[in-house]
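Trainee: Could you take me through this model feature by feature, giving the general idea before the particular case?

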Amino acid sequence: MGKTGYFTHRDCWRHEMGRGHPECPERLDAIEDRLLASGVVDALERIEVPLATLEQLKLAHTEAHVEYLQSLAQRLTEDAPAGGPAYAQIDPDTCLSPGSMLAARRAAGAAIAATDAVMAGEIDNAFCAVRPPGHHATRGQAMGFCLFNNVAIAARHALEYHGLKRVAIVDFDVHHGNGTEDIFSDDPRVLMVGIFQHPFYPYSGTDHPAPNMLNLPIPAYTKGMDVRELIEAVWMPRLEEFKPQMIFVSAGFDAHRDDDLGQLALNENDYSWISGRVRDVARRHAQGRIVSMLEGGYNLHALASSVEAHVRVLADL
Ligand SMILES: [Zn+2]
């Protein structure tokens, strides 16, 4: 049995974007409850999550972006006693609440700590149950429920701090990881492989992607078996050829057939299969090193069971 780290923090519950918003704190409850009820949590190593420093956030973001979100959060807190607004709107889908900066810095902190623990050999791989998600956040812009790009911060930390030469980012969220693409386009140290519904939010990823971006846009209602075939035919040879020293996963589960935010038709078995293929590449080339970060997944039941399927593969259960 491998050793899998489980990274989460109560601060990640403190970011909320208003009643009825699908990217809600209850997502983390659903995951925790499921891992507990299934007994999977007993096989995981629970590891402390620090706050990411502002310097660490700047691994993937401009100084202006970090300062902008900081100042919005600060204004919310300062205006609260005088009855100021409860939220600071960033785009039609994304806003800050008073707890958002703390949550976002824990999410990025989990990404960094998971990378450190895997690199130190304390654990084989890691799953971070954190929010807000990150893969839509570009170098200079928060959008699509995302404030800071957790997976990109972790990947850059592995390159800059740990001195790795090649890392892969696997993104199976139903939405294109435009933020991660923005941050790593034309960086030969990074290979990003992604699959996403198209045409669909954020309507990117198809217009001449950089050579290190392997984007697989697929139409609505594509079934899991067809997704598996594509992954086998297109992702796998590139990953094998690239020989990543570590793999980061943007683990979004909103391509599940029961998830109303997307129209793809994956199920838990498909998530197991994809996770297994990623694990195979990691074992062959990267000493098994995987850091998986939660992205989307909005049907609470489907999210919980898909995360369980994913984590079971990571932990060899
Ligand atoms: Zn998504």
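**Reading the sheet, the zinc site and the loops**

Mentor: Strand E6 (residues 167-171) and E7 are paired in the parallel sense over five bridges, where helices (H or I, at least four residues) and strands (E, at least two) are DSSP runs numbered from the N terminus, and two strands pair if DSSP finds at least two bridges between them. This is a predicted model, in which local features need pLDDT of at least 70 and side-chain atom pairs count only at pLDDT 80 or more, whereas totals for chains, interfaces and linings use all residues. Residues are numbered from 1 along each chain as its sequence is written, and side-chain values use heavy atoms, with hydrogens and water left out.

Trainee: Which residue of E7 is the bridge partner of aspartate 171, and through which helix does the chain cross from E6 to E7?

Mentor: Aspartate 171 has glycine 194 as its bridge partner in E7. The chain passes from E6 through helix H6 (residues 178-184) to E7 in a right-handed β-α-β crossover, a term that applies if, with the strands pointing away from the viewer, the path from the first strand over the helix to the second runs clockwise.

Trainee: In what order do the eight strands form the open sheet?

Mentor: In general, strands of a sheet pair through backbone hydrogen bonds, either parallel or antiparallel. Here the order is E2-E1-E5-E10-E9-E6-E7-E8, and the pairing is parallel. Strand E2 (44-46) and strand E8 (213-218) stand at the edges with a single partner strand each, so one side of each is left without a neighbour in the sheet. From one strand to the next the twist averages 15°, with axes taken as lines fitted to C-alpha atoms (for helices over the stretch in contact) and angles running from 0 to 180 degrees between N-to-C directions.

Trainee: How many bridges join strand E1 and strand E5, and what does helix H9 touch as it packs on the sheet?

Mentor: Strand E1 (residues 4-7) and strand E5 (residues 125-128) pair in the parallel sense over four bridges, and tyrosine 6 has phenylalanine 127 as its bridge partner in E5. Helix H9 (residues 300-314) packs on the sheet and touches E1, E2, E5, strand E9 (246-251) and strand E10 (290-294), while its direction makes about 165° with that of E5; contact means heavy atoms within 4.5 Å.

Trainee: How many of the residues of strand E7 are buried?

Mentor: A residue is called buried under 20% relative accessible area, exposed over 50% and partly exposed in between, using a 1.4 Å probe and protein chains only. In strand E7 (residues 190-197), eight of the eight residues are buried, so the strand is largely enclosed by the rest of the structure. Val190, Met192, Gly194 and Phe196 cover one side, and Leu191, Val193, Ile195 and Gln197 the other, all of them buried. E7 also pairs with E8 in the parallel sense, over six bridges, and glutamine 197 stands opposite isoleucine 218 in E8.

Trainee: What are the protein donors of the zinc ion?

Mentor: Donors are N, O and S atoms within 2.8 Å of the metal (3.2 Å for Na, K and Ca), and water is not among the atoms, so sites may look incomplete. The protein donors of the zinc ion are Asp173 (OD), Asp173 (OD), His175 (ND1) and Asp254 (OD), lying 1.9 to 2.8 Å from the ion, and along the chain they follow the spacing D-x1-H-x78-D. Histidine 175, in the loop between E6 and H6, and aspartate 254, in the loop between E9 and helix H8 (268-285), are 79 residues apart and link distant parts of the chain; both residues are buried.

Trainee: Is tyrosine 203 buried or exposed?

Mentor: Tyrosine 203 is exposed, with a relative accessible area of 59%, and its phi is near 60°, a positive value in a residue other than glycine.
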